[in-house]
Amino acid sequence: SVLVDIIVQLNIWRIVMQRRQNAAVIAGEVVKGGGHLLAAMVVLGGLVFNIGNISGCGLGLQALFGMDVMVGAAVSGLLAISLFAAKYFGKVLDTFTKVLGIVMLLIIGWIAIVNLPPAGPVLSQAVWPADMHYLAILTLVGGTVGGYISFAGAHRLLDSGDAADMSAKQVNRQAIAGIVLAALVRIGLYVAILGVLVAGFAPDMSNPTASIFEAALGANGRRIFGVILWCASVTSVVGASYTSVSFLNVFGSWFHHHRQWLIGVFIAASTIIFLFFGKPVKVLVIAGAINALVLPFGLGIMLLAAGNAFQKGGYRHPKWLLLSGWFVVAAVCTMVWQAFAQL
């Protein structure tokens, strides 16, 4: 999943940065109607992902305060709308989340060391697993670079105006940095959780990760996890809503002029749908898997742009990126087929 994430992120960021255009605009120039289709798929995937983010908010407040998940989700939805309106406070929360992420990485490392599982089986199964669970891989990939996510960072750079001064190496470095950090957190979390489970702990499946933090660190561990999960989830709600709505610009200027209002509606819709659906843990898995379904089309159409339209401007996309990108498209399509076969 990490290798797939890096290839996807490098391809999409390089292409968007070289073209200096919204991905939906690029897609529309490559294939007639492609921009509208990509926008529709990204918005749908973003909505599902946002429902997952709202469920993460509910789980975070449950771990922190013991609050009912549904009440926590509703409160968080209202706060997310307020956060977007107060942009300065949103930036403060984003910085706070990054600091908490570093704290979480240190805590995970400590839990992993204290509850270290058998190293041999962990390493061998990580490289060559006895049982390949395709839905798990799709969930990881979809949660990192699926749907709107792989376009979000590149679009933020375009909006900030920093893209014009960035070299290809700088784009590569920024594209990879987030993937590597996420990979470190996931590997550490996996080893930490596995160590606790091997010791005989049975997690609470309504909020499994929070219960494992509590088993390792006591009640404070559960609260620390709740703070980190809520902050990460609520900032993701704002980010997913902003990027998803930005794709609607391809349908006309009305969507751009009413973007602020549409983002509020997007967050409200995500919250309401989750309150009707429930099952927060299951929603998080489904959200990642569905966004992985958007990935082959989004990446594929960007690779077509790199292979054809860019030649006129003198830019040549690296062949190894182009070939590895098409390999990922084929691999994800195969995993989607295998995942449905496993259901």
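Predicted model: local features only at pLDDT ≥ 70, side-chain atom pairs only at ≥ 80, totals over all residues.
1. Nonpolar core. The largest nonpolar core of the model comprises 91 residues, and those with the most contacts inside this core are Leu 38, Phe 247 and Met 302. Helix 3, which covers residues 34–65, supplies the largest share of this core, namely twelve residues.

2. Surroundings of Leu 38. When residues up to four places away in sequence are not counted, Leu 38 touches Ala 23, Ala 24 and Ala 27, together with Phe 151, Phe 247, Phe 297, Gly 298, Ile 301 and Met 302. Among these partners, Phe 247 and Met 302 are themselves named with Leu 38 as the residues with the most contacts inside the core.

3. Helix 7 and what follows. Helix 7 runs over residues 134–145, and its twelve residues reach 16 Å from the first C-alpha to the last, which is close to the 16 Å expected at 1.5 Å a residue. Its buried residues are Ile 137, Leu 138, Thr 139, Val 141, Gly 142, Thr 144 and Val 145. Just after this helix, Gly 147 adopts a positive phi of about 55°.

4. Packing of helix 10 against helix 11. The axes of helix 10 (residues 208–217) and helix 11 lie 6 Å apart, and the two helices pack at an angle of about 140°. They are therefore classed as oblique to each other, because only angles over 145 degrees count as roughly antiparallel. The crossing in which helix 10 passes helix 11 is right-handed. On the helix 10 side, Thr 209, Ala 210, Ser 211, Phe 213, Glu 214 and Leu 217 take part, and they meet Ala 219, Asn 220, Gly 221, Arg 222 and Phe 225 of helix 11.

5. Ser 246. This residue belongs to helix 11, which spans residues 219–246. Ser 246 counts as buried because its relative accessibility is 8%, and the cut-off for that class is under 20%. Leaving aside residues up to four places away in sequence, Ser 246 touches Asn 22 and His 155.

6. Ile 273. Helix 13, covering residues 259–277, contains Ile 273. With a relative accessible area of 36%, Ile 273 is partly exposed. Ile 273 touches Leu 47 and Ile 51, again not counting residues up to four places away in sequence. Ile 273 and Ile 54 stand 219 residues apart in sequence, while the distance between them in space is 9.8 Å, C-alpha to C-alpha.

Conventions:
Residues numbered from 1 in each chain as written. Heavy atoms only, no water. Core = buried A, V, L, I, M, F, W, Y, C linked by side-chain atoms within 4.5 Å. Buried < 20%, exposed > 50% of the residue type's maximum accessible area, 1.4 Å probe, protein only. Helix = DSSP H or I, 4+ residues; strand = E, 2+ residues; numbered from the N terminus. Contact = heavy atoms within 4.5 Å. Expected span 1.5 Å × (residues − 1). Axes fitted to C-alpha atoms, helices over the stretch in contact; angles between N-to-C directions. Parallel < 35°, antiparallel > 145°, perpendicular 65-115°, else oblique. Left-handed = near helix turned anticlockwise from the far one by under 90°.
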